[in-house]
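Have the structure open as you read.

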Amino acid sequence: MSTTAPEAPTALPPVQRRNAELVLIGVTVVITMGAMMISGLNLNGQVPGAMWGYGLIFGAMALATHVALRFIAPYADPLILPCALFLNGIGVAMIWRLDAADSGDIEHAGVGMQLIWTAVGMVMCIALLFFLKEPRVLQRYTYISALAALVLIALPMVPGLGISEFGARRWIGFGGFTVQPSEFAKIALVVFLSSYLVTKRQVLSLAARQVKIGRFKILDLPRARDFMPMVVGWVAAIGLLVITKDLGTSLLLFGTFLAMLYVATQRSSWVIIGVTLFLAAAAVAFRLFWHFRQRVDIWFYAYDPDVYDRLGGSAQLVQGQIGMAYGGIFGTGMGGGQAHHIFAADSDFILASLAEDLGLTGVMAILLVVFILVERGMRIALASRELFIKMLASGLAFVMCFQVFVVLGGLTRIIPLTGMTTPFLAAGGSALMASWLMIGLLLRMSDNARRPAPQAIQDEGATQVIRR
């Protein structure tokens, strides 16, 4: 079976835009340092010395990554790296501002660990670009990547290794560090789904019968024998929800699974069936498991005094929403709010912290940058000829989009609060390193998609010399 799609009419131009990228990176570094400067002025009326130290270190790391791209991925999309750096820089500035406000000492406020994890993430991104010249090789490891995803998800359940915190069991601890394996499992899952769905998409697209109301077709039902992938994905998502009490990761992975299944088959019936199954299982979980009922109570009755005062109740969510309301349209200014009083203000609730300081306008700007990253992922998918690359690029874009939706949806009570972290912004090493790995994959795929096609030059006789 051919795994090559027809010639894409949306091919990306074969041009190097590294100078444009460098200018945008300079802007992101200035914004990061400016955010720290304004925070210092609002906190105690002086420009903090940390602005120069942390800001220039971040700028040096950004410049090093850019220089590496000039040599190992010169045709990579010029917007991907600046967008990632913008989000990462705003996160660094906000974490510093929260620590400075909480400690009352702007000169010794720490954001060093976040910069260390940023550096590790950038090194991993560059290493991936250097060693992975052709992402298509990942298609060979279909079931190995599936096994890796399952092992990573199951690690927190191992006695003596897994750590249960804040009602969920999603971390493992060793050597004084904690790691969240599910952050890396989502990448392995996308690789598996990309490879599996490329080979099975025609089978999964077959319809057994149509569901109609009168003369109008509602949806096409797939064949019963083809339900196995859906059943496996559903069981994995619900098992993750029940055993680890991690609603966010369960929702993210199953949502990504459904989105990629739809992209591969273009059958809305799969999405409808999957959502129905997930909601049915969630209804059963609500009746059987107290921790799920608690999430729903916080969702529906956040401002009820009994729910607010309860241990593990809605106090954190209500404080975050009140802070966002105080932020209004333009915010209180970096360092002008009281977000540092909220529990996990620098991780799970960093979007609420940013909303208070920067207002709706600032949050919309941040979301716009996230959506640019998602759009560039989709653009890579459209421009690539290989079906596996199309699936991989769109899958990574879906992961970033869904993750932000799950976080923001929980803060605004569109969906239950799940405790997930926002890509690049939130404090913590696992999410940041996983995000930079996804950026590395997108940069490599965009470099290959934009790179000029080899030119065949006729030598004397019939010999052809292929030059890149």
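## Salt bridges overall

Keep in mind that this is a predicted model. Searching the whole structure turns up ten salt bridges. Side chains of opposite charge can pair when their charged atoms come close.

Among the residues involved, Asp77, Glu375 and Arg376 are tied together in a salt-bridge network. Another pairing joins Arg136 to Glu134, with 3.2 Å between the closest N and O atoms. Arg136 is partly exposed at 37% relative accessible area, and Glu134 is partly exposed too, at 25%.

## Asp447 and its two arginines

On one side, Arg444 forms a salt bridge with Asp447, and their closest N and O atoms sit 2.8 Å apart. Both residues belong to helix 15 (residues 429-450), and because they are three residues apart there, about one helical turn separates Arg444 from Asp447. Arg444 and Asp447 are both buried.

Asp447 also meets Arg451 in a salt bridge, at 2.6 Å from N to O. Arg451 comes in at 32%, so it counts as partly exposed.

## Glu356, buried without a salt bridge

Over in helix 13 (residues 350-383) you'll find Glu356. Which side chain of opposite charge is nearest to Glu356, and how far away is it? The nearest one is Arg97, 5.9 Å away.

What does Glu356 have around it? Leaving out residues up to four places away in sequence, Glu356 touches Gly323, Gly327, Gly331, Thr332, Gly337, Gln338 and Ala339. For Ala339, the backbone nitrogen lies 3.3 Å from a polar atom of the Glu356 side chain.

Now for the nonpolar side chains. Met37, Ile38, Leu41, Val47, Trp52 and Leu56 make up a nonpolar surface patch of about 540 Å². Two elements give two or more residues to this patch: helix 1 (18-44) and helix 2 (50-72). Helix 1 gives the most, with three residues.

Met37 is part of helix 1. With a relative accessible area of 30%, Met37 is partly exposed.

Notes
Residues numbered from 1 in each chain as written. Predicted model: local features only at pLDDT ≥ 70, side-chain atom pairs only at ≥ 80, totals over all residues. Heavy atoms only, no water. Salt bridge = Lys/Arg side-chain N within 4 Å of Asp/Glu carboxyl O. Buried < 20%, exposed > 50% of the residue type's maximum accessible area, 1.4 Å probe, protein only. Helix = DSSP H or I, 4+ residues; strand = E, 2+ residues; numbered from the N terminus. Lys, Arg positive; Asp, Glu negative; His and termini not counted. Polar contact = N/O pair within 3.5 Å; in protein donor to acceptor, adjacent residues only side chain to side chain. Contact = heavy atoms within 4.5 Å. Patch = residues over 30% accessible without salt bridge, like charges linked within 9 Å, V, L, I, M, F, W, Y side chains within 5 Å. Areas by Shrake-Rupley, 256 points an atom, 1.4 Å probe, with all protein chains shown as cover.
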